[in-house]
Amino acid sequence: MVPIELVLALGAILFCIGLYGVLTRRHLVIVLVCIELMLNSVNINLVAFSSIGPFANITGQVFTLFVITLAAAEAAVGLAILIALYRNRESIDAIKQDLLRW
Amino acid sequence: MIQNAWLIPVFPLIAFIILLFLGNTLKEKSSYVGITAMALSFILSVIVLFERIGGETYSFTVNWITFGDSTITMGYEVTPLNAIMLIVVTLVSLLVHIFSREYMHEDKRINVFYSYLGLFSFSMLGLVLAPNVLQLFIFWELVGLCSFLLVGFWYFKPEAAAAAKKAFLTTRIGDVGLLIGIILLFNATGSFEYAEVFAHVEAGLVNDTMITIIAIAIFLGAVGKSAQFPLHVWLPDAMEGPTPVSALIHAATMVAAGVYLVGVMYPLFVASSTAMTIVAYVGAITAFFAGSIALVNTDIKRILAYSTVSQLGFMILALGTGGYVAGLFHLTTHAFFKALLFLGAGSVIFALHHRQDIRKMGGLWSRMRITSITFMIGALAIAGVPPLAGFWSKEGILAAVWEGGDIFLFILAVITAFMTAFYMFRLFFTAFTGEFRGDHEPHGENKKWMTIPLVVLAVFAIAAGFVNTPFGFWLEDFLLQGLTLGAQAHGELWLAGLSIVIALGGIGLAYFMYGKKGTVPATDTSNVSGVHKLLLNKYYIDELYQAVFVRPTVAIGKFFWEVDKGVVDGIVNFIGRATRSSGRTFAKRHDGQLQTYGLVTIIGGLAVIALAFVVRGYFG
């Protein structure tokens, strides 16, 4: 049995990588991919607690299914927004999207 | 009709309201509205006077406010005194309305002028009809307002604006005194009604010191309004207003309101000998002092203004020495001949294209015959030449002062009477006889709109005195109805002789100095000295007030202004500036970069979590 700390550490590492990508990458598709990464780190946590947590039960796995569904929907909407953005501004560089500044 | 006396002030009020809304479309036709309203008022006043002569005092009041045991009423009453005042006010106002049609016809704001005149006439008539002191005070302030508006009518002239301000502020000092007097009076007697107040006073329910204080406080109001020393300074400056205004407000009616006030409150004054003495001395000093300034002045309107102050002093003096009838009689006759003189001066000024310096006049006799003759009648009347109106009333005043027993006051009065005759004829000879010395030839006699009021007033200046002569004291019998004042002084024959000698002496001296040789008062006044210089500078009263009251007040005002600007505004501005600059600084951080926002959010979230751990000690 893998100790829960290791699984949680994996989740945390994945989350930080995703967060780092969201905050630093200029390509918005990559940013979107990194968000998926963060969602998946959460999934790992949920699954871990569901099987080896102190109160192991099925709820965590059900939630994971929900998150995956949500991630799929989010990817669809996010990509649609990016396409619309690209058509309008001919760029999906994160730094150039500053219409809402002061 | 006496029950409908309230309509008398209502007509000019209606005219005012009409002109307020339709003035701009009526323009020059505004004058007809004003004239019609005043004519109606005048006719009604005449009817009311005759009904009052044949009848009783009529009064009508309604309750206004009730609190505790006291009730404040409003209404109107027709007493002998105010029946006469109604005639004076409506007649002079009507003639001034007529006169102004021509005098003001070039002014674009003639409709505004007529609406102000209407408001003034309403206020003045309301003041006269008031049955209690409180209502009188309300209208008293209204006439003050109208005076301010009309003196400053040509507000674009800096002198006129300053004069209006000065008139308003100076009379305000007196008004505060009047208000204090009214409050004390209510406190002492529990009523504002004249009749109840006097009943209280006569029954001895108010102690003597209180009566004196109240009387003096009320007299202060009269001092301000009637331009008595030491609050006389505003009246000569008020001559910056249009001349018809000077005739109406600053000669015949509003300035007489002070004298009228003393007349109305007379039983109160009689109850305090101290107050009477003060009244008499203030009157005498004012009469002498203003008369002496008029001796050397060279502005036609200012001479008349100082003359007005002096004559008002005369009336106050008469009232102060017990000459109730004499004072009010002089008030009536003076209203007619002073309005005549002012309108005459207006006629001259109009013909000379608004030049007022008598040294630049001369020879008007042959150029403006009607104005000259009527002006001469006015001058003779004010100088006190029998049988004109001024002779009878002035002789009455001298008799009252003589009976009063204070020889000092009598001497002052006699000297003033002499000065009056002298300065009026100095003015007359300089302006109307000799050669024309101006640079603009006058355009001849003015139109009938201007000359008819002069003629009417001249008739009154001649005839108004006959209502109270040794051959028949009708006015006296009428005025004393319902009053218990004791006998009024009647001059003996030597006094009449004395006043004739004084009048003719003054005229004669003026003739020898200015009429005969055609001498003109010197233009160069830089090397005059002594008394003459003192008089030319009006006893330096304006300078004194400037130094003692105006400058310190202005300095205090400036100080607080600086405090306001520096400290109060400073704090407010600092807060404003700080908010704005911090806003600007933080706004720069809003660079629209999604990832920066995200980073900041995460750092913030981590900080909160770290804080929670530190505070709750999860790390320890």
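With 9 C-beta neighbours inside 10 Å, His354(B) counts as exposed. The model is predicted, so local features need pLDDT of at least 70 and side-chain atom pairs count only at pLDDT 80 or more, while totals for chains, interfaces and linings use all residues. Residues are numbered from 1 along each chain as its sequence is written, and chains are lettered from A and ligands numbered from 1 in the order in which they are written.

**Chain B as a whole**

Chain B holds 25 helices and four strands. These elements are DSSP runs numbered from the N terminus, with at least four residues of H or I for a helix and at least two of E for a strand. The C-alpha atoms of chain B occupy a box of roughly 120 × 65 × 55 Å along the principal axes. Of its 620 residues, 51% count as buried.

Contacts come next: two residues are in contact if their C-beta atoms, placed from the backbone, lie within 7 Å. Among the contacts in chain B with a separation of 6 or more, 82% are between residues 24 or more positions apart.

Chain B is divided into domain 1 (275-523), domain 2 (537-589) and domain 3 (592-620), with bounds from an automatic or database domain assignment. Between the C-alpha centres of domain 1 and domain 3 of chain B there are 96 Å.

**The nonpolar core**

A nonpolar core is a set of buried Ala, Val, Leu, Ile, Met, Phe, Trp, Tyr and Cys residues joined through C-beta atoms within 7 Å. The largest one has 204 residues, and those touching the most other members are Val262(B), Leu317(B), Ala339(B), Ala413(B), Phe425(B) and Ala461(B). Helix H15 (residues 324-351) of chain B supplies the largest share of this core, 18 residues. Leaving aside residues up to four places away in sequence, Ala413(B) touches Ala284(B), Ala287(B), Leu317(B), Ile397(B), Leu398(B) and Val401(B).

Ile377(B) sits in helix H17 of chain B. The C-alpha atoms of Ile377(B) and Phe337(B) are 8.2 Å apart, although 40 residues separate them along the chain. By contrast, Ala161(B), in helix H6 (residues 158-189) of chain B, has its C-alpha atom 22 Å from that of Ser123(B), 38 residues apart along the chain.

| Residue | C-beta neighbours inside 10 Å | Class |
|---|---|---|
| Ala161(B) | 15 | partly exposed |
| Glu90(A) | 9 | exposed |

**Two helices side by side**

Helix H19 (residues 407-432) and helix H22 (residues 493-515) of chain B pack at an angle of about 35°, and their axes are 8 Å apart. Axes are lines fitted to C-alpha atoms, for helices over the stretch in contact, and angles run from 0 to 180 degrees between N-to-C directions. Residues meeting across this pair include Phe418(B), Phe422(B) and Phe425(B) in H19(B) and Ile502(B), Gly506(B) and Leu509(B) in H22(B). By class, the contact has 15 nonpolar, six polar and one charged residues. Here Ala, Val, Leu, Ile, Met, Phe, Trp, Tyr, Cys and Pro count as nonpolar, Asp, Glu, Lys and Arg as charged, and the others, Gly among them, as polar.

**Where chain B meets chain A**

Eleven residues of chain B are in contact with eleven residues of chain A. On the chain B side, helix H24 (541-589) and helix H25 (594-616) are the elements that give two or more residues. H25(B) gives the most, with five residues. The chain B side divides into four nonpolar, five polar and two charged residues.

**Backbone details**

Most residues other than glycine have a negative phi, and most peptide bonds are trans. His354(B) has a positive phi near 60° and is found in the loop between H15 and helix H16 (364-367) of chain B. Glu90(A) also has a positive phi, of about 55°, in the segment after helix H3 (59-89) of chain A.

A cis peptide bond joins Phe229(B) and Pro230(B), with omega about 5°. Pro230(B) is in the loop between helix H8 (208-225) and helix H9 (234-237) of chain B. The bond from Pro386(B) to Pro387(B) is cis too, with omega near 0°. Pro387(B) is in the loop between helix H17 (369-383) and helix H18 (389-404) of chain B.

Note on methods:
A residue is buried if 20 or more other C-beta atoms lie within 10 Å of its own, exposed if 12 or fewer, and partly exposed in between; C-beta atoms are placed from the backbone.
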